[in-house]
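Hi everyone, thanks for coming.

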Amino acid sequence: MEPKQGPKEVVSGKHCAVSSSHPMVSKIMMDVLRDGGNAVDAAVAASLAGPVYEPHMTTISGTVSFLYWDAETGKSYFMDASPTLPKGLSPFCSHPYAPATAAAIPGSSAGLKSMLERFGSKPWSELIQPAIKAARDGHKVTSWEYALLFGGTGGRSNTLAGRTFFPSGRKHYAPDGFQVPAGELWRRPDLAKTLTASAEEGPDYFLSGKWAKRLVEEANSLGWMISLDDLAGYEPIWVEPTHSMYKENEIIGIPPPQRGGFYTGFLFGILDYFDLDGHYTESAETLALIAWVLRRAHLDRNLIHDPDYYDNPIDVLLSSSYHEIVSKLWKNSRPKKDMTGYLELTHSKSAQRGSLPATGYIPHDSCELSIVDGDGNWVQMMETSGGGIPGVVVDGVPGSGIGWERYALVEPGGRTQHAIANTLIARDGAPWMGIGSPGDCIFTVPQVLFSILECGWEPYKAIDAPRFWPLRDDWTLEVENRISIDVVKGLKRMGIMPRPLGEYHWPMGSMQAVWRKEGSYMGTADPRRLGIALAY
């Protein structure tokens with residue numbers, strides 16, 4: 001199971017299916033399920049091991065977003081364990097490469113603890129063992145991991161220079177003075193020691209135990225005057241998921257303060273008011289419409305905040321009356337004439353031949369998990385960074401912080417907003433699919449679901465299909481190259497200039513999906529990254 005980019009297998013089994021962005025993490029989930037654990041046990045084990053295998057994507061001192069369908073109660077649940085800004089303290093960062101990134105109280109351990117207490121069946125001490133083994137014995141560094149640890153994923157602070165600014169970062173990411181080369185084993189004894197202590201004391205080791213005390217000590221020494229009460233007092237919140245219908249499918253998404261349920265429900269609500277003339281890879285009209293709707297959703301995101309501090313108009317944003325108005329805005333703002341000539345006047349001949357270059361936008365990243373077990377419990381969740389002190393590694397656990405300038409309306413104590421889009425699709429009262437992705441999945445998950453729910457495509461074909469970012473303010477559209485020249489010409493007639501992203505653009509995410517089909521559980525992963533699905 002060597003991690004690699006490229007075409008991925010669709011797997012099937014009678015008992016369960018899992019998908020993650022790293023083969024070893026998928027194997028850990030499958031081992032837990034084979035050993036009698038349930039979907040939540042598998043999710044906890046994977047979330048503890050993920051930061052060992054993918055330190056360029058996530059950390060134990062970060063965020064957990066957990067969407068769950070419980071077969072026993074026949075209900076969906078959502079838990080938000082995103083970081084918080086400490087009450088009484090202004091945003092703090094001592095990292096010069098990330099002046100607008102604030103240190104934050106981590107949510108991961110408290111979130112995993114809450115998941116396990118409410119729906120799990122195996123003890124923390126057992127589920128953490130694969131992570132301990134991987135940290136102690138080492139994992140083979142992939143070229144993908146090496147490149148992203150060195151070059152970063154969207155900001156200077158997570159390049160190797162940023163990660164090694166502080167002495168603790170140098171010790172962690174450059175043992176013996178050098179980054180561990182691709183193909184070599186990376187052993188992390190400090191992290192293994194921390195995880196072993198947590199196996200003995202449980203998740204509270206990260207909340208009120210020695211690790212928590214060490215984080216407070218490091219924070220105070222840098223001028224971030226948090227207390228142990230700030231860490232021990234963190235509690236995840238359980239919130240009712242969003243629910244919207246498209247044809248015979250119920251789309252179960254994640255609610256405020258997160259955005260995924262809004263973007264997906266918003267797109268499909270507006271599509272109800274259009275007679276589409278084909279898939280977006282075949283129709284410029286469809287591609288332009290979806291790209292514009294996602295742009296419109298991104299503008300409205302500023303209405304969504306921590307529900308403890310703000311009213312959230314999610315019911316209005318997902319209402320048919322609002323969708324009808326937005327659909328009329330598009331229908332009544334179309335160009336009346338062919339705009340190709342305008343683009344020829346305003347862009348060079350070389351731009352017309354090769355299109356405009358991509359903007360180079362790279363979203364921050366994370367790890368998505370898709371799981372369905374033999375009892376019909378479904379987990380769709382993300383574990384990612386966001387907590388701790390940017391650039392500081394505490395006993396083997398890196399911190400990253402949050403981009404606080406994006407959360408200007410988050411009060412101290414409020415929960416931060418992330419680009420997360422964990423989604424379950426139900427029919428006849430029970431899920432038949434779980435899907436999600438890292439990256440700016442608020443844009444990409446709706447696109448993949450469009451191919452499945454509207455066009456009837458099989459999940460892997462939908463995941464493999466070209467993706468795109470929302471329509472930009474300058475009416476350019478960044479899109480993977482695999483659309484036809486007729487679609488490109490159709491976009492130009494509307495005054496939209498393409499910006500090609502290459503055949504497959506890795507920042508478009510790592511879509512993980514499991515689904516039910518004809519009595520079997522199926523699973524697959526995204527060709528853009530290294531993950532795989534497993535089933536039995």
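**A helix pair, a sheet and some loops**

Let's start with two helices: α5 and α9 are roughly antiparallel to each other, because the angle between them falls over 145 degrees. Bear in mind as we go that this is a predicted model. The angle itself is about 160°, and the two axes are 8 Å apart. If you want to find them, α5 covers residues 129–137 and α9 covers residues 189–201. The crossing of α5 past α9 is left-handed.

So who touches whom here? On the α5 side we have Gln129, Ala131, Ile132, Ala135 and Arg136. Facing them from α9 are Pro189, Leu191, Ala192, Leu195, Thr196 and Ala199. Sort the residues of that contact by type and you get 8 nonpolar, 2 polar and 1 charged.

Let's zoom in on the β8 end. Strand β4, residues 75–81, is joined to β8 by 3 bridges, and the two run antiparallel. Over there, Asp80 stands opposite Ile237 in β8.

Now for a few spots in the loops. Asp176 isn't a glycine, yet it has a positive phi of about 65°. You'll find Asp176 in the loop between α8 and β7. Is Asp176 buried or exposed? With 77% relative accessibility, Asp176 counts as exposed, since the cut-off for that is over 50%.

Lys247 is another non-glycine with a positive phi, this time about 55°. Lys247 belongs to the loop between β9 and β10. Its relative accessible area is 48%, so Lys247 is partly exposed.

One more loop to look at, the one between β10 and α12, which holds Pro257. Pro256 and Pro257 are joined by a cis peptide bond, with omega at about 15°.

And last, Gly155, in the loop between α6 and α7. Gly155 is partly exposed at 27% relative accessible area.

Conventions: Residues are numbered from 1 along each chain as its sequence is written. This is a predicted model: local features need pLDDT of at least 70, side-chain atom pairs count only at pLDDT 80 or more; totals for chains, interfaces and linings use all residues. Side-chain values use heavy atoms; hydrogens and water are left out. Two strands pair if DSSP finds at least two bridges between them. Helices (H or I, at least four residues) and strands (E, at least two) are DSSP runs, numbered from the N terminus. Buried means under 20% relative accessible area, exposed over 50%, partly exposed in between (1.4 Å probe, protein chains only). Axes are lines fitted to C-alpha atoms, for helices over the stretch in contact, and angles run from 0 to 180 degrees between N-to-C directions. Angles under 35 degrees count as roughly parallel, over 145 as roughly antiparallel, 65 to 115 as roughly perpendicular and the rest as oblique. A crossing is left-handed if the near helix is turned anticlockwise from the far one by less than a right angle, and right-handed if clockwise. Contact means heavy atoms within 4.5 Å. Ala, Val, Leu, Ile, Met, Phe, Trp, Tyr, Cys and Pro count as nonpolar, Asp, Glu, Lys and Arg as charged, and the others, Gly among them, as polar.
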